[in-house]
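Me: Please examine the model below and answer some questions on its core and strand pairing.

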Amino acid sequence: RVQLVESGGGSVQSGGSLRLSCVASGYGFRDFCMAWFRQSPGKQREAVAAIGSGGTKSYTDYVKGRFTVSRDSAKNTVYLQMNSLKREDTAMYYCAAGYGGTWTRAADYGTWGQGTQVTVSS
């Protein structure tokens, strides 16, 4: 029922910031757990951050303290504010929606966006 479109990616230097947006269309947005994953060529897709329908936030250790996930229900949008970016953050970033389970497990999400590329150079 929901479709996701990411935006906000681009190229930045190490230490810079980007804010990714994920706009949801359709029904059920407020009931979903929303997450951000990323993937680089030749690597497994990995979880970055998630926010539950009740506002609970989760982060993996490698982004904790640098990234912030939030949602604006009035705009049907989830954000990922990324600060202090490192070269290791370079990846395609995907927005995902699911009903719950293990937040880091990609298979638990039934709807995915097309991705937005983030490139960090130094």
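Predicted model: local features only at pLDDT ≥ 70, side-chain atom pairs only at ≥ 80, totals over all residues.

Me: Which residues touch the most other members of the largest nonpolar core?
Reply: This core holds 27 residues. Strands β1, β3, β4, β5, β7, β8, β9 and β11 each supply at least two residues of this core. The residues that touch the most other members are Met34, Trp36, Leu80, Met82 and Tyr93.

Me: Which residues does methionine 34 touch, not counting residues up to four places away in sequence?
Reply: Contact here requires heavy atoms within 4.5 Å. With residues up to four places away left out, methionine 34 touches Leu4, Cys22, Phe29, Ala49, Ala50, Ile51, Arg71, Val78, Cys95, Ala96 and Ala97.

Me: How many residues does the second, separate core have?
Reply: Among the members of this second core are Phe37, Ala47, Ala50 and Tyr109. The core is separate, and its residue count is 7.

Me: How many of the residues of β9 are buried?
Reply: A residue is buried when its relative accessible area is under 20%. Strand β9 has 8 residues and is mostly covered. The number buried is 7.

Me: Which residue in β9 is the bridge partner of cysteine 33?
Reply: Strands β4 and β9 run antiparallel and are joined by 7 bridges. Within β9, the partner of cysteine 33 is glycine 98.

Me: Which residue in β10 is the bridge partner of alanine 96?
Reply: β9 pairs with β10, residues 109–112, in the antiparallel sense over 3 bridges. In β10, alanine 96 has as its bridge partner tryptophan 112.

How values were computed:
Residues numbered from 1 in each chain as written. Heavy atoms only, no water. Core = buried A, V, L, I, M, F, W, Y, C linked by side-chain atoms within 4.5 Å. Buried < 20%, exposed > 50% of the residue type's maximum accessible area, 1.4 Å probe, protein only. Helix = DSSP H or I, 4+ residues; strand = E, 2+ residues; numbered from the N terminus. Pairing = 2+ DSSP bridges.
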